[in-house]
Amino acid sequence: ETYPTFGAPADLMAIPIGQSRMDVTWLDRAWQETHVEVERSPRPWGEWTLMATLGENATLFSDTTLLPGSTWYYRARACKDADCTPYSRVDGMHTYPGLVSLSSGWHHHCGLTEDGEAYCWGRGHAGPLGNGSDQDRAVPTPVGGDLTFQSIHAGGHFTCGITVEGHAYCWGWGYQGQLGNGDTPQKELLPVPMEVGFVFESISGGGRHACGLIASGEAYCWGLGDSGQLGNGTTDQLSVPTPVAGGLLFKSLAAGDFHTCGVTIAGDGYCWGHQGSGGRLGNGSGQNELSPAPVAGGLTFESIEAGAYHSCGITDTGETFCWGYGEVGQLGNGSGQDQPTPVPVGGGMEFRSLSLGKWSTCGVTAEGHGHCWGGGRHGALGTGSEEDQFLPTPVAGDLTFAIISPGGWNHASAATPTGLV
């Protein structure tokens, strides 16, 4: 809401750009002004702080000093001389809350605040943003349903989350059964519960399928199974969570576009689903696997992540290995060759976390330094270049990261330890 006075800049607006920037715009009133003063206050009628003095014809001020979760009020005053009495005020808008977790789908991103509030943004086709609409959103938008989440994971065109009570919800595209609620809706625009009868500890969303773990370490998958990515020994499409074959107990799972990988409680790596020409399952067999197959090399893993056409894992010694399709450098070993079994990532760095996109890989070191490698098209690696990178390359900007999450198609999101995205 604006509060104009006669002779003041007209049509004043405060427009949030991401979390840390507010663009304040107004109509040019150069016919009567010598300069414009933009002021900010934490209260509508509090003490105002001068933020900028701009010359005539100015119509934009960008406030880049905001912190996540802050609220400010702005006013702009057109000044003929030292007397700047006429002004317009606009009620400030909330910047979006800091996010402590992030997950990227094919064309959308989701994250959680420290209080478990879920936000999503990006392409809204089929409802993966969960706000009751299938419209695109350029800024983080609250997920509907008044739910408090402990985790959230974005899949292809869908999203799943687990509430603090342990209840699983999914939303978005569900035609292949990936929402896990026993139905195959074309889309769900708001979170719908999974009627599974047990509590999930974690869920990972893939391209058109998802998998989850319960407290015992048993793994369940659902959705599209045409390449064996559900791991139950069949290629069936299933709309309810179904046990993964083999009786293995896992500590983590990662669903990729066409395959799934997991690390057992003992640290053994397994993958199943579509092998592809690159060998994304890491067992060198050259064929699809309908149930969990051991990753070659005898490595003990802390975690494995699955992308579209490749996989990567961190071992118990802190080394990083990747395997699968490698043409644009996403394996990080300095080569553009496919690798059907694990190869060490170059550079000698130890990563505390990894995340894989369709063509890229990103990692965060213990010190919070971000590195990405693979396909650089459209700046997806954040290195300041669109060149492909065949070894881990520092993300530009001298930022400290809590997480980096590359998306499915040439983009990535990241969060700092303060929750800035």
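Are R77 and E37 buried or exposed? In this predicted model, R77 is buried, and E37 is buried as well. The relative accessible area of R77 is 17%. Buried residues are those under 20%, so R77 falls in that class.

R77 and E37 are also partners. Their side chains form a salt bridge, with an N to O distance of 3.5 Å. R77 belongs to strand β7, which covers residues 73-79. E37 belongs to strand β4, which covers residues 35-41.

E39 is buried, because its relative accessibility is 7% and the cut-off for buried is under 20%.

The side chains of D63 and R40 meet at 2.8 Å, N to O. D63 lies in strand β6, made up of residues 60-63, while R40 lies in strand β4. The pair therefore ties together parts that are 23 residues apart in sequence. Both partners are buried: D63 has a relative accessible area of 1%, and R40 has one of 12%. Salt bridges with shared partners also build a network. Its members are E37, E39, R75 and R77. In total, the structure contains 7 salt bridges.

The surface shows a feature of another kind. M13, I15 and I17 make up a nonpolar patch there. Together they have about 230 Å² of accessible area. I17 is part of strand β2, which spans residues 13-17. Its relative accessibility is 33%. Partly exposed residues lie between the 20% limit for buried and the 50% limit for exposed, so I17 counts as partly exposed.

Conventions: Residues numbered from 1 in each chain as written. Predicted model: local features only at pLDDT ≥ 70, side-chain atom pairs only at ≥ 80, totals over all residues. Heavy atoms only, no water. Patch = residues over 30% accessible without salt bridge, like charges linked within 9 Å, V, L, I, M, F, W, Y side chains within 5 Å. Areas by Shrake-Rupley, 256 points an atom, 1.4 Å probe, with all protein chains shown as cover. Salt bridge = Lys/Arg side-chain N within 4 Å of Asp/Glu carboxyl O. Helix = DSSP H or I, 4+ residues; strand = E, 2+ residues; numbered from the N terminus. Buried < 20%, exposed > 50% of the residue type's maximum accessible area, 1.4 Å probe, protein only.
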